[in-house]
Amino acid sequence: MARFQTFPLVFLFFVLLFSNTNVFSQCSDAGVCSVGGHTDGTHSNSISLSYILGGSGKPESVTFHTVNLSGGFSLGSGYKVDLNIPFSTQAGESFSTSGLGDLSLIGSKKHEVSKDISLLFSLGFKLPAGAVHLKNDAPQIYQSGLGTYDILASAGLLYKQFDFLIGFQIPFGRSENKDTRLQRAPDLMIRGGYSYLLERVP
């Protein structure tokens, strides 16, 4: 029995050991964790598609399905633009809704101070693209986005494999959802980390 319980952990260890990828923790916020780009500071072109499954628990019992289309595009001289387009479905016990979420566009600039030290600055915004007035006057939890215009910004320091970043998000206005009328305050994020790149096994 103990051997069976240990197997998933051993399997996960080998998946991480023989992969060449960046792994970041989940950030439950309104978008501020997306600022700063990847902390390794790389500025290469990339397109990715990801899927997120979540649930609200009771009493709402809403299940969330989100597909994110993301792209990072290098503009040269240390400049990069990151774009994220989410599409979400919220399924409850009585009905479900779906649509575009909040679109985000973030520009970043990496400035190399020395061989081992770099500064990373980011500035962008988040736009509400999803429906606000939902069928049956459903509450905010069924809305694919937060319904506000937000400014995202950050400044970071990269030293070898270490990184430190501070970022903030300022929302303007409030959600126009008839039932909830969500209003948010600014968000502040402080993040530190250490990155280690594993060699790909042939």
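**Exercise 1. Which strand does Asp102 lie in, and what surrounds this residue?**

Let's take it in steps, keeping in mind that this is a predicted model.

Step 1: Asp102 belongs to strand β5, which covers residues 102-112.

Step 2: Decide whether Asp102 is buried or exposed. Its relative accessibility is 12%. The cut-off for buried is under 20%, so Asp102 counts as buried.

Step 3: Beyond the neighbours within four places in sequence, Asp102 is in contact with several residues, among them Asn84, Pro86, Lys126, Ala129 and Leu146.

Step 4: Look at the side chain. It makes a polar contact with the side chain of Lys126 at 3.2 Å, and it also reaches the backbone nitrogen of Leu146 at 2.8 Å.

Step 5: Compare sequence and space. Asp102 and Ala129 are 27 residues apart in sequence, yet their C-alpha atoms are 5.5 Å apart.

**Exercise 2. Find where Gln143 sits and what its side chain meets.**

Step 1: Locate the residue. Gln143 is in the loop that runs between β6 (117-128) and β7 (149-159).

Step 2: Check its accessibility. The relative accessible area of Gln143 is 7%, so this residue is buried.

Step 3: Find a polar partner. A polar atom of the Gln143 side chain lies 3.2 Å from the backbone oxygen of Gly145.

Step 4: Look further along the chain. Apart from neighbours within four places in sequence, Gln143 is in contact with Gln90, Ala131, Val132, Leu134, Ser175 and Asn177.

**Exercise 3. Work out how strand β8 is paired and which way its side chains point.**

Step 1: Start with β7. This strand pairs with β8 in the antiparallel sense, over 11 bridges. One of the residue pairs is Leu158 with Asp163 in β8.

Step 2: Inspect the connection. β7 and β8 form a hairpin with 2 residues between them, and Lys160 in the turn has a positive phi of about 55°.

Step 3: Turn to β9. β8 pairs with strand β9 (residues 187-194) in the antiparallel sense too, over 8 bridges. Here Phe164 stands opposite Gly192.

Step 4: Sort the side chains. In a regular strand they alternate between the two faces of the sheet. Along β8 (residues 162-172), Asp163, Leu165, Gly167, Gln169 and Pro171 point to one face and are buried.

Definitions and conventions
Residues numbered from 1 in each chain as written. Predicted model: local features only at pLDDT ≥ 70, side-chain atom pairs only at ≥ 80, totals over all residues. Heavy atoms only, no water. Helix = DSSP H or I, 4+ residues; strand = E, 2+ residues; numbered from the N terminus. Buried < 20%, exposed > 50% of the residue type's maximum accessible area, 1.4 Å probe, protein only. Polar contact = N/O pair within 3.5 Å; in protein donor to acceptor, adjacent residues only side chain to side chain. Contact = heavy atoms within 4.5 Å. Pairing = 2+ DSSP bridges.
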